[in-house]
Amino acid sequence: MYKEQIDRERLPRHIAVIMDGNGRWAKQHGMARVFGHRKGVQVVHEVTEAAAELGIGYLTLYAFSIENWNRPIEEVNALMTILVDTIAKERDTLMNNNVRLVTIGDTDRLPEGARRKFLALIDETAQNTGLTLILALSYSARWEITEAVKKITETALKGHLNADEITEQTVAANLATALYPDPDLLIRTSGELRISNFLLWQLAYAELYFTDCYWPDFTAEEFYKAIVDYQHRERRFGKTSEQLITHNS
């Protein structure tokens, strides 16, 4: 069992997940795509509880991209319905596990009913002090970076910032994730080997873990397996192995 192999003193502080393969899983099982999305929601529940129990600080789930708005309207409507239903059902789970819910993305595009329910649950869980569950909804990294550039430009035009004062910290402070640490580990399911316009700035030094497992088949045990793999890697951040040894000795 992978859970017993995890060193709880070296947990990734922040794990990001691209939950991919719902549609292909459904097709593989002879069902409509919506059934894959419904099964995927059950996995979100399981993985969130697993992360909270381990003591992971932040878990970001790529739930719905801006590009997903271009999917067939029937699938988009079904996804929105699933999101609303999930919010209603997961309230007790979030509270019982001390999970704080937040979102990143262009949530103004969400249907008003879904948006209201999300905001209500965000307010209700705001005082929880355990895992921070970040749902990327109507999100894309290029949109996020573009919005950050707009904010920085507005500040400069008001005379509060000069070009030579703009640093990496300036950009990071204007991103949707400004309040959260960058991910240490990115997990992507379904066998695809790309990051699909997700947290492009924040993943600069993240460890990437790809699995052929479709998201509806991604169990807590698969989640633990990814963490064990992460803990066997050497994170150098541009330094040499010898430098790390000297620094840690």
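Biologist: Which term applies to F223, buried or exposed?

Modeller: The relative accessibility of F223 is 0%. Buried means under 20% relative accessible area, exposed over 50%, and partly exposed in between, with a 1.4 Å probe and protein chains only. Because 0% is under 20%, F223 counts as buried.

Biologist: What kind of model is this?

Modeller: Residues are numbered from 1 along each chain as its sequence is written, and side-chain values use heavy atoms, with hydrogens and water left out. Local features need pLDDT of at least 70, side-chain atom pairs count only at pLDDT 80 or more, and totals for chains, interfaces and linings use all residues, for this is a predicted model.

Biologist: How many helices and strands are there in the protein?

Modeller: Helices (H or I, at least four residues) and strands (E, at least two) are DSSP runs, numbered from the N terminus. From that end on, the elements run β-α-α-β-α-β-α-β-α-α-β-β-α-α. The protein therefore has eight helices and six strands.

Biologist: What is the radius of gyration of the protein?

Modeller: This radius is taken over C-alpha atoms, and the globule rule is 2.2 Å times the number of residues to the power 0.38. For 249 residues the rule gives 18 Å, and the protein is close to that value, so it is as compact as a globular protein of that length. The C-alpha trace spans about 55 × 50 × 35 Å along its principal axes. The radius of gyration itself is 19 Å.

Biologist: How far apart do the centres of the positive and negative side chains lie?

Modeller: Lys and Arg count as positive and Asp and Glu as negative, while His and the chain ends are not counted. The place of a charge is taken as NZ of Lys, CZ of Arg, CG of Asp or CD of Glu. The protein has 28 positive and 35 negative side chains, and the centres of the two sets are separated by 3 Å.

Biologist: How many aromatic pairs does a search of the whole structure find?

Modeller: Rings of Phe, Tyr and Trp (its six-membered ring) pair if their centres lie within 6.5 Å; planes under 30 degrees apart count as stacked, over 60 as edge-to-face and the rest as tilted. With this rule, the number of aromatic pairs found is seven.

Biologist: How many residues apart in sequence are the parts that the pair of Y62 and F198 ties together?

Modeller: The pair is stacked, at 4.3 Å centre to centre with 10° between the planes. Y62 lies in strand β2 (residues 58-65), whereas F198 lies in the loop between β5 (185-188) and β6 (207-210), so the parts tied together are separated in sequence by 136 residues.

Biologist: Which type of pair do F223 and Y224 form?

Modeller: Y224 counts as buried at 9% relative accessibility. The ring centres of F223 and Y224 are 6.5 Å apart and the planes stand at 50°, so the pair is tilted.

Biologist: Which residues does T48 touch, not counting those up to four places away in sequence?

Modeller: T48 is found in helix α2 (residues 33-54) and is buried, with a relative accessible area of 5%. Contact means heavy atoms within 4.5 Å. The residues that T48 touches are L59, L61, V99, L131 and L133.

Biologist: Leaving aside neighbours within four places in sequence, with which residues is T93 in contact?

Modeller: T93 lies in helix α3 (residues 73-96). T93 is buried, with a relative accessible area of 13%. Its contacts beyond those neighbours are H45 and E49.

Biologist: How far apart in space are D164 and V41, C-alpha to C-alpha?

Modeller: D164 is in the loop between α5 (141-157) and α6, and its relative accessible area of 70% makes it exposed. D164 and V41 are 123 residues apart in sequence. In space, C-alpha to C-alpha, they are separated by 46 Å.

Biologist: What is the phi of S138, which is not a glycine?

Modeller: S138 lies in strand β4 (residues 132-139) and is buried, with a relative accessible area of 0%. Its phi is positive although the residue is not a glycine, at about 50°.
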